[in-house]
Amino acid sequence: MDCHTTPNWYNAPGPGSGQRVGQERLMWLDIEPSSRLKKLPPYLFADLRRVEAEARGRGVKVIRIAIGDPDNPTPDPVVEELCRAVRDVTDPNRHRYGCDVPVEQFAQAARNFYNRRYGVVLREDQIVTTSGSKDAIAQFAMAVLNPGDVAIAPSPGYPTYNIGHVFAGAETYYAPLLAQNGFLVDFDAIPMDVRRRARLLWLNYPNNPTTAVADLDFFRAAVEFGRQNNILICHDNAYGENTYDGYKAPSILQVEGADEVAVEFFSLSKACNMTGWRVGFVAGNASAVRGLRTVKENTDNGTLRAVQFAAAKALDCFEQIVPPINAVYQRRRDAVIEALNRSGWELEKPKATIYVWAPVPERYGGSSAAFAADLLDKTGVIVTPGLGYGRWGEGFFRISLTYPDEVLAEAMGRIVKMKA
Ligand SMILES: Cc1ncc(COP(=O)(O)O)c(C=O)c1O
């Protein structure tokens, strides 16, 4: 029976009811998830939302400082450009598939930006515009990995690296990010058998969740590691522009010859308060860029042209719009770190990202889940337990600075009280 031809489909009773509607019997298929979906760990933030809902249900006054999604709006010039482009009746393609009629200015603005900001010159075949990094990271695995391959991801790390690997049928080897190494990947510690089988390695500096930063020497070592082991180095540069105290984060593509073995994922989400716009680009190794372009051509239809025009605008006026955004995070970072340090933590101020990464108090025996649960229970504050970012995130928790000053202040007050 073809359910889509059932006349009362939209008013039909819920799954499993098996009731009759008119003369037709509805068949509700209980779809068995694919084996690849069954291999996925629970999605971290879905879990957090569930915990929050449960606490609210119990009447707890919850404050969530867990998710890295900017609270402030997208800067005016970008919004104005979007409005202009979406209303531009002289552009007959403004409503059409963004992939078929791409906005050339967007890729050009990205190339200009990399040249201006990093001194990196990108050829046209070295860049592909994307609908944000998350989508591109997951799609990229399809372009590069075969079933049975190994791919290396940091732990703790952004969960989507592993999710891409699972979708491609590959296996993840987790490279631990340890405090004693400044949360940098230790290339020498990656076993030889992993190096032989691995096709790609993910890096992410400035790092989520640890807030660690890497210098150009580290990226040189990464490029050398990639070259020696025939492994593509994928640098996720999602937080490269969220920097403080005058710190400027490098791009891996600044390393001489990096485009032979590396690609970089750039996103406007966090730098320009544009998470919902879904826009970014991937640049570097031309064959990797071509692979991603092919996956995209086959699985998505690109971004609305007005969004592409607006993204070009954001990149063109980056130097004007980004510093005020970072000034807000810097102020919040200072307040959060000072509050935590006043109550016994000994944290340095992170140079970059929109997070604070801190060890859980000793009495929780290193269990980030126990700390997060107790914190929620006693104070209503939700932080992200480090274990959610992988085994090596255990013992830490993450606070996001993407909440209004007064929300952070209230949350810090409650945490400090509980610690005391
Ligand atoms: C490390 C890292 N990479 C990539 C992303 C995805 O960003 P977007 O898909 O909005 O570009 C995030 C989002 O939180 C992130 O933390």
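I began with Arg227, which is partly exposed at a relative accessible area of 37%. The model I am reading is predicted. Arg227 meets Glu260 in a salt bridge, 3.1 Å from N to O. I placed Arg227 in helix H8 (residues 216-229) and Glu260 in the loop between strands E8 and E9, so the pair ties together parts 33 residues apart in sequence. Glu260 counts as exposed, at 53% relative accessibility.

Next I looked up Arg333. Its side chain meets that of Asp245 in a salt bridge of 2.9 Å, N to O. Arg333 lies in helix H11 (residues 318-342) and Asp245 in the loop between E8 and E9, so this pair ties together parts that are 88 residues apart in sequence. Arg333 is buried at 1% relative accessible area; Asp245 is exposed at 54%. I also noted a network of salt bridges that links Asp245, Arg333, Asp334, Glu338 and Lys349.

I then checked Glu52 and Arg64. Their closest N and O atoms are 2.6 Å apart, in a salt bridge. Glu52 sits in helix H2 and Arg64 in strand E3, so the bridge ties together parts 12 residues apart in sequence. Glu52 is buried at 7%, and Arg64 is partly exposed at 27%. I have 26 salt bridges for the structure.

Last, I turned to helices H3 (residues 76-87) and H10 (residues 305-316). Their axes come within 8 Å and cross at roughly 150°. The crossing is right-handed. Among the contact residues I listed Leu82 and Val86 of H3, and Phe309 and Lys313 of H10. By class, the contact has 10 nonpolar, no polar and three charged residues.

Methods. Residues numbered from 1 in each chain as written. Predicted model: local features only at pLDDT ≥ 70, side-chain atom pairs only at ≥ 80, totals over all residues. Heavy atoms only, no water. Axes fitted to C-alpha atoms, helices over the stretch in contact; angles between N-to-C directions. Helix = DSSP H or I, 4+ residues; strand = E, 2+ residues; numbered from the N terminus. Left-handed = near helix turned anticlockwise from the far one by under 90°. Contact = heavy atoms within 4.5 Å. Nonpolar A, V, L, I, M, F, W, Y, C, P; charged D, E, K, R; others polar. Salt bridge = Lys/Arg side-chain N within 4 Å of Asp/Glu carboxyl O. Buried < 20%, exposed > 50% of the residue type's maximum accessible area, 1.4 Å probe, protein only.
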